[in-house]
Amino acid sequence: MNAISLYRVSNWFYRKKIPIVPKVLKAITFLMFNSVVPYTTEIGRDSKFAYGAIGVVIHGRSKIGSRVIIGQNVTIGRALDPDSIPEIGDNVYISAGARIIGKIKIGNNVIIGANSVVTKDVPNNSIVAGIPAKVLRSVDEDIYSLLKNIY
């Protein structure tokens, strides 16, 4: 069992309006993985947590696309404005320790480098890294062909 499985079950109960089970599963996820993965978050199909989601914190209103891999100790959250929630596209690899903060959009087919702090929109087909994160290069192929044996 891993955090994404617990999230999927809790999200299913949440969508069916069964109130207690999602909260219990969220607490179990926190106890087992030291992670906050709210059942209200939208996480697309085939998305995964690396290393079981150890230390991951995700805002409850975040939207995360399909085929996204989220590394350990990643934060996806809001800035000071309550409406400043990140939105992450499809085919994204978020490396360990990255911080994605504010009302920004991460495009499709993106790699976010380890320990990067992303506070501005990221275009499709990009590799970003740094503090603050900057586009290092554009890619013309599926990122998972660059990241061999990851997906």
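I take helices (H or I, at least four residues) and strands (E, at least two) as DSSP runs, numbered from the N terminus. The model is predicted, so I note that local features need pLDDT of at least 70 and side-chain atom pairs pLDDT 80 or more, while totals for chains, interfaces and linings use all residues. Residues are numbered from 1 along each chain as its sequence is written, and side-chain values use heavy atoms, without hydrogens and water.

**Loops**

I found Pro 132 in the loop between β13 (126–129) and β14 (134–138). A cis peptide bond joins Ile 131 to Pro 132, with omega about -5°. Next I went to the loop between β7 (87–88) and β8 (92–94), where Asn 91 sits. Asn 91 is not a glycine, yet its phi is positive, about 60°. I remind myself that most residues other than glycine have a negative phi, and most peptide bonds are trans.

**Two helices**

How do α1 and α2 run relative to each other? The axes of α1 (residues 3–15) and α2 (residues 20–33) come within 8 Å and cross at roughly 165°; axes are lines fitted to C-alpha atoms, for helices over the stretch in contact, and angles run from 0 to 180 degrees between N-to-C directions. The two helices are therefore roughly antiparallel (angles over 145 degrees). Where they meet (heavy atoms within 4.5 Å), I see Leu 6 and Phe 13 among the α1 residues, and Leu 25 and Ile 28 among those of α2. By class, this contact has eleven nonpolar, two polar and no charged residues (Ala, Val, Leu, Ile, Met, Phe, Trp, Tyr, Cys and Pro count as nonpolar, Asp, Glu, Lys and Arg as charged, the others, Gly among them, as polar).

Note on methods
Parallel < 35°, antiparallel > 145°, perpendicular 65-115°, else oblique.
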